Amino acid sequence: MARPDLNLLVTLDVLLEEGSVTRASERLALSPSAMSRQLARLRRATGDPLLVRAGRGLVPTPRAVELRDRVRGLVHEAEVVLRPAVQLDLAELTRAFTVRSSDGFVERFGPELVAEVGRAAPGVRLRFVQKTKKDTGPLRDGSVDLETGVIERELPPDIASTPLFTDRFIGVVRGEHPLTTGVVTTARYASARHVNISRRGLDEGLVDEALHPTGHRRDVVTVVDGFGAAIALARASDLVATVPQRHTTSLRHGMHSFALPFRAPEVTVSLLWHVRLQADPAHRWLRGCLLDVCRRSTDSDDPSEESAVGSDADDTPAPRSPE
């Protein structure tokens with residue numbers, strides 16, 4: 001079955017409103033003969049005369065009267081769809097957004113983001129979910145609106161991204177740990193007992209890649225899948241957790257942090273979304289809020305935690321891609 005010509009809806013709307021082929025042709029910038037041909041097509045498509053002669057004018061048939069309001073509504077909806085979006089009214093915006101991130105991100109940036117969103121758009125709700133693996137499926141199927149993370153490889157063409165901030169790894173121990181006193185040398189750091197963070201359960205990762213050129217290896221005694229778990233273990237034992245500094249600021253509260261005594265690995269945390277939302281005004285506004293919050297927060301970080309590495313640091317380049 002052939003698909004109907006939807007342009008005929010506009011013609012029918014004007015014909016039913018004007019009740020005249022001549023006036024309808026003038027509104028649509030068509031000749032009277034071209035408009036008559038359009039009316040003939042409409043009659044074939046609907047199986048109804050639609051407009052019939054009554055004296056010197058035309059009157060609608062019962063079918064035409066029945067269709068008039070429906071056709072007007074359809075044409076109006078089509079015009080709205082094809083019209084540029086109206087300016088976003090944040091005060092009236094009612095919408096829920098889902099943000100997926102690794103542990104530590106919400107604790108660090110969530111309070112300020114929720115407050116900023118609430119001030120500007122009280123009808124917006126934010127839902128934060130934990131990232132358990134790296135995949136773009138949730139962005140693609142719409143279950144996640146925004147995601148934060150380190151980009152390991154080239155993204156598929158339907159996923160857009162922008163950098164949020166660069167993060168450097170630091171060491172974290174409890175206040176009574178031996179590494180809180182004296183100079184933290186590479187040898188002292190490596191010989192301590194460590195907890196490694198790996199979603200895949202690996203014993204080594206970015207930190208070990210940066211450490212190996214010094215001739216030392218960490219004594220990794222346990223592996224966890226998140227920053228929060230690693231810091232919790234370090235808080236309650238003599239384990240050393242090596243974590244991204246900015247990402248874990250809130251999680252490390254009350255603990256002792258120190259710069260690594262070798263060239264610390266760095267990662268860039270990015271914001272990701274699906275390209276279908278690229279031009280969506282509300283989504284674009286939320287992206288801007290998240291970018292502003294992250295950049296303001298990281299600009300105010302304590303510079304002492306980003307100081308130069310310890311006394312026996314070498315110039316080994318830090319790897320820039322995550323495990």
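**Close-up views of a predicted model**

View 1. Gly47 follows α3 and has a positive phi, near 70 degrees. The model shown here and in the other views is predicted.

**View 2. Helix α3 and its span.** Helix α3 covers residues 32–46, which makes 15 residues. From first C-alpha to last, α3 reaches 21 Å. That is close to the 21 Å expected at 1.5 Å a residue.

View 3. Ala34, Met35, Gln38, Leu39 and Leu42 are the buried residues to look for in α3. Down the axis of α3, the buried residues fall within an arc of 145 degrees, so they line one face of the helix. An α-helix has 3.6 residues a turn, so residues three or four places apart point the same way. Turned away from the buried side of α3 is a face that carries two exposed residues, Arg37 and Arg44. The cover over the buried residues of α3 includes α1 (7–18) and α2 (21–27).

View 4. Helix α9 runs through residues 227–235. Phe227, Ala230, Ile231 and Ala234 are buried there. Viewed down the axis of α9, these buried residues fall within an arc of 95 degrees, so they line one face of the helix. They pack against β6 (159–173), β7 (193–197), β8 (219–224) and β9 (240–244).

**View 5. The largest nonpolar core.** This core has 42 residues. Leu164, Tyr189, Phe258, Trp285 and Leu290 touch the most other members. Elements giving two or more residues to the core include β3, α5 (105–120), β5 (146–150) and β6. Also among them are α7 (186–191), α8 (206–211), β11 (266–274) and α10 (281–299). Helix α10 supplies the largest share, eight residues. In soluble globular proteins, nonpolar side chains tend to be buried together.

**View 6. The surroundings of Tyr189.** Neighbours within four places in sequence are left aside here.

**View 7. Thr98 in strand β3.** Thr98 sits in β3, the strand of residues 95–101. Its relative accessibility is 10%, so Thr98 counts as buried; the cut-off is under 20%. Leaving aside neighbours within four places in sequence, the contacts of Thr98 are Arg127, Val129, Ser143, Val144, Asp145 and Leu146.

Terms used
Residues are numbered from 1 along each chain as its sequence is written. This is a predicted model: local features need pLDDT of at least 70, side-chain atom pairs count only at pLDDT 80 or more; totals for chains, interfaces and linings use all residues. Side-chain values use heavy atoms; hydrogens and water are left out. Helices (H or I, at least four residues) and strands (E, at least two) are DSSP runs, numbered from the N terminus. Buried means under 20% relative accessible area, exposed over 50%, partly exposed in between (1.4 Å probe, protein chains only). Contact means heavy atoms within 4.5 Å. The arc is that of the directions from the helix axis to the C-beta atoms. A nonpolar core is a set of buried Ala, Val, Leu, Ile, Met, Phe, Trp, Tyr and Cys residues joined through side-chain atoms within 4.5 Å. The expected span of a helix is 1.5 Å times one less than its number of residues.
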